[in-house]
Each structure stands twice: as structure tokens, then as C-alpha cells.
Amino acid sequence: MMDIGFIGLGTMGSRVAANLVRAGNKVRVWNRERDAVDALARLGAQPVSTAREAFSGDAVFSMLADDAAAREVIEPLLDGAPKGLVHVNMATVSISLARDFAARHREHGLFYVAAPVFGRPVLAESAKLTLVVAGDPSAIARVQPLFDVIGRKTWPMGVEPERANVVKLAGNVLLGAAVEAMAEASAFASRNGVEPAELLDVLTNGVFTAPPYQMYGAAIAHQQYDPPGFKLKLTLKDLRLALAAAEESSVPMPLADVVHESLLEAVAHGDGERDLAALAMVSMRRAGGDVPATIPSIGA
């Protein structure tokens, strides 16, 4: 059993923390909104009233929304934190923040491990996340038993923590491009007499059989955009981070620009809180097709 802090109990973080509790660890939990804390307390987690109380023990996990939230919550905790503490940041953050956090943690005698994940809430709940991990090898070894509890596979990416964030952002660019491609193909098919469900049944079960194509393809085919497994606005955030890093390193990413513009258009139409699959609505609007006024829930 390990003594763990967990900061940030959103849709993904709360499920990850629950699995750490179920594995028999002592888990101190903190979140701005109390409901998630209370739910985990009923599972056996220990609620704490401040983030500093969670930033101690054998290791601390954080899964905050974005760079701004990570800086606001984590930076004040570094001064005075126990020396040698391993901080595992599971959030999708910018490459520049990962570099800065790694340096700041070293200055305070702390270990910083980047461990962003691939997977939707259902995979987090069933402990089948894919973890991309980078940082000090000894620190990673200390928390590897915890990674084994929350994911199906850990992919080590080296010593520099930002390398894990490069992989995560690149992966989300690919994911966004895949959904954009299916959205455009569906709009094309629809205008030419083939229903998206017919098209995507062929493509996602006969040609592009990877799980992301099948999950998002099914959502597009049946217009199942609520409740979201991965909010469209979060993909927009990740595309912005990727494009900012690409500009800094002088890497042209024209396809990422296209996906970014489509995501921005979707958010402008009020679809940011819906599933990423709602990107299909952008292509249907552009093609002059019918877009439903209300979105059926999954399972409807």
C-alpha cells in the first residue's frame, strides 16, 4: 500500500483515483468542487481541505484541466513540499509547461513525471488507459505499481518529461484528423445518397478497424454526441497546444490547421461541450445538410 495524494477529480481523474483506492492505497483527494471528493470518500478515500495536504506522501497525482489550472494550483505547492516527492502529472499540458515544471521541481528537490493518458472515461473506469510516461527512471520505478493499477500499458518515453506530452499532443492531432476525415466523408456520402451509418459500417469494420475509428464512427453514424466521452472543446485546446509547439519548432502542420478551424467552428455553434464526434455537424452544415436541433443521448 502507498500513501498517495490526488489533485483534480474531473471526469477522468475521479475514475483514476477510484481505481487507486480500490487497489488498497491510502489516497488523499482534493478538488475545487466538493461533489467528486465526497463520492471518492464513500469509496474509502481521505478528503483533505487544501491542495497542499494532498501534495505529500509517497507520490502525488494531478489531473487538472489545462496549463493555467496546473500553474495556479501546483506552483504554490512546490515550496515546502517533502524532498524526494514524486509528482505525476496526468494532464494534457503544453510542452513548454512540462519543461518548466521539470526544472521547477528539480530546484525544489522533487521528481516530476509526465504521464498523460489515451482513453475515454469508460477506459479509465475499467483501468484500461494507455499511459505515456517520461521522467527520472527511479521516480517512474517507484510509481510503476500505481500505473499498473490504472492502465493496461505504460509506454516509457525517456528522461525528459516533455517527451510524453509531445506524444500525447501528436496523438490528439491524429485523433482530431481521423474524426474530421470521417465527418467530411460522411457529409460527402450523405449528399450522394449513402447514409453515414452505411458508409461508416463498411469503413470502420472493414478498412479502418482501430478502436478510435469504430467508437467515433459509431457516434457519427448515429448522431450520438451526448453525454461526451471526450469533449470537443478539449480537443480544440490540445490542437492549440500542438500548433503553438509546431510554430516554435518551425514545423508546418497544415492538416492540424484544418482540424483546428473545424473545431473552432463547432465551438462557435455551441457544440464545445459535446463529444468530439460532434465535429460531424460542421461538415454537414458546410454541405448544406440537415443538422438535428437536439442530439440523442447514447443508448437512445
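Colleague: Where is Asp271 found?

Modeller: In this predicted model, Asp271 is found in the loop between α12 and α13.

Colleague: Why is Asp271 called buried?

Modeller: Its relative accessibility is 2%. Buried means under 20%, so Asp271 counts as buried.

Colleague: What makes the pairing of Asp271 with Arg274 a polar contact?

Modeller: The two side chains come to 2.5 Å. The limit for a pair of N or O atoms is 3.5 Å, and one atom must be able to donate a hydrogen and the other to accept it. The side chain of Asp271 also makes a polar contact with the side chain of Arg285, at 3.2 Å.

Colleague: Which residues does Asp271 touch, not counting those up to four places away in sequence?

Modeller: Asp271 touches Leu232, Ala266, Met281 and Arg285. To count as a contact, heavy atoms must lie within 4.5 Å.

Colleague: Why is the pair of Asp226 and Arg274 called a salt bridge?

Modeller: The N to O distance between their side chains is 3.4 Å. The cut-off is 4 Å, between a side-chain nitrogen of Lys or Arg and a carboxyl oxygen of Asp or Glu, so the pair qualifies.

Colleague: What do Lys231 and Glu273 form, and how far apart are the closest N and O atoms?

Modeller: Lys231 and Glu273 form a salt bridge, with the closest N and O atoms 2.8 Å apart. Lys231 lies in the loop between α10 and α11, and Glu273 lies in the loop between α12 and α13, so the pair ties together parts that are 42 residues apart in sequence.

Colleague: Are Lys231 and Glu273 buried, partly exposed or exposed?

Modeller: Lys231 has a relative accessibility of 29%, and Glu273 has 40%.

Colleague: Where does Lys233 lie, and what does the side chain of Lys233 join?

Modeller: Lys233 lies in helix α11. A polar contact of 2.6 Å joins the side chains of Lys233 and Glu273. Leaving aside neighbours within four places in sequence, Lys233 is in contact with Val267, Gly272 and Glu273. With a relative accessible area of 36%, Lys233 is partly exposed.

Colleague: How many salt bridges does the structure hold?

Modeller: The structure holds 17 salt bridges. One of them is formed by Asp238 and Lys237, with the closest N and O atoms 2.9 Å apart. Asp238 and Lys237 are both buried.

Colleague: What joins Arg71, Glu75, Asp100, Arg104 and Glu107 into one network?

Modeller: Salt bridges that share partners join these residues.

Colleague: What makes a set of residues a nonpolar core?

Modeller: The residues must be buried, of nonpolar kinds such as Val, Leu, Met and Phe, and joined through side-chain atoms within 4.5 Å. The largest nonpolar core here has 35 residues, and those with the most contacts inside it are Phe6, Leu20, Phe61, Val88, Met90 and Phe147. Among the elements that each supply at least two residues of this core are β1, α1, β2 and α7. A second, separate core has 33 residues, including Tyr225, Leu241, Ala242 and Val259.

Methods:
Residues numbered from 1 in each chain as written. Predicted model: local features only at pLDDT ≥ 70, side-chain atom pairs only at ≥ 80, totals over all residues. Heavy atoms only, no water. Helix = DSSP H or I, 4+ residues; strand = E, 2+ residues; numbered from the N terminus. Buried < 20%, exposed > 50% of the residue type's maximum accessible area, 1.4 Å probe, protein only.
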